[in-house]
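Open the model in your viewer and keep the sequence panel beside it. This tour goes from one selection to the next and says what is there.

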Amino acid sequence: VRPTVFGNCTPDMAIFQQEIFGPVTCLTPFDTEDEALTLANGTPYGLTNYVYTRNGPRRRRLARALRSGMVEMNDEAGDDGAPFGGMGA
């Protein structure tokens with residue numbers, strides 16, 4: 001599969017609701033932090049979430065509120081000894 005980016009995805013789309021293992025990503029616009037959390041936590045899966053912001057307190061607040069096994073922040077991978085796993089389906 002070639003690397004693929006799907007833009008303007010909505011929660012009712014299969015690409016938004018299903019985990020796809022490959023070089024594929026789904027982009028969904030949002031207006032507020034609360035809306036972003038609702039979108040991210042609104043799927044039955046939760047392997048990894050990614051947070052990108054220069055705002056340290058926001059980054060930590062979002063990481064605590066996301067329901068997933070791991071949260072990577074600003075493209076920094078977790079500790080090699082950290083547990084690996086997800087939440088949900």
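Select helix H2, residues 33-40, and look at the face turned away from its buried side: the exposed residues Asp34 and Thr38 are there. Exposed means over 50% relative accessible area, buried under 20%, and partly exposed in between, with a 1.4 Å probe and protein chains only. Helices here are DSSP runs of H or I with at least four residues, strands are runs of E with at least two, and both are numbered from the N terminus.

This is a predicted model: local features need pLDDT of at least 70, side-chain atom pairs count only at pLDDT 80 or more, and totals for chains, interfaces and linings use all residues. Residues are numbered from 1 along each chain as its sequence is written, and side-chain values use heavy atoms, with hydrogens and water left out.

**The other side of H2**

Now select Ala36, Leu37 and Leu39, which are buried in H2. They cover an arc of only 160° around the axis, so they sit on the same side of H2. That arc is taken from the directions from the helix axis to the C-beta atoms. An α-helix has 3.6 residues a turn, so residues three or four places apart point the same way.

What covers these buried residues? H1 and H3 are included in the cover.

Stay with Leu39. Its relative accessibility is 15%, so Leu39 counts as buried. Show its contacts, meaning heavy atoms within 4.5 Å. Leaving aside neighbours within four places in sequence, Leu39 is in contact with Pro11, Phe16, Thr28, Pro29 and Phe30. Draw a C-alpha to C-alpha distance from Leu39 to Pro29: the two are 9.7 Å apart in space and ten residues apart in sequence.

A salt bridge here is a side-chain nitrogen of Lys or Arg within 4 Å of a carboxyl oxygen of Asp or Glu. By this rule the count comes to two.

Zoom in on Glu33 and Arg58. Their side chains meet at 2.9 Å, N to O. Glu33 lies in H2 and Arg58 in H3, so the pair ties together parts that are 25 residues apart in sequence. Arg58 is partly exposed, at 35% relative accessibility.

Move on to Arg61. In its salt bridge with Glu33, the closest N and O atoms are 2.7 Å apart. Arg61 is in H3 and Glu33 in H2, so this pair ties together parts that are 28 residues apart in sequence. Arg61 is partly exposed too, with a relative accessible area of 37%.

Is Arg59 buried or exposed? Find Arg59 in helix H3. Arg59 is buried, with a relative accessible area of 19%. Not counting residues up to four places away in sequence, Arg59 touches Val51, Thr53, Arg54, Met73 and Asn74.

**Strands E4 and E5**

Select strand E4, residues 48-51, together with E5. Four bridges join the two strands, which run parallel. Strands pair if DSSP finds at least two bridges between them. Pick Thr48: its bridge partner in E5 is Met70. Follow the chain from E4 through H3, residues 56-65, to E5: this β-α-β crossover is right-handed. That term means that, with the strands pointing away from the viewer, the path from the first strand over the helix to the second runs clockwise.

Met70 and Glu72 are on its covered face, Val71 and Met73 on the uncovered one. In a regular strand the side chains alternate between the two faces of the sheet.

**Two loop stops**

Select Asn8, in the loop between strand E1 (4-6) and helix H1 (14-17). Its phi is near 55°, a positive value in a residue other than glycine. Asn8 is exposed, with a relative accessible area of 62%.

Then select Pro44, in the loop between H2 and strand E3 (45-46). Pro44 is partly exposed, with a relative accessible area of 41%.

**Zoom out**

Show the whole chain as a cartoon. How many helices and strands does the protein chain have? There are three helices and six strands. From the N terminus on, they run β-α-β-α-β-β-α-β-β. Of the 89 residues, 22% count as buried.
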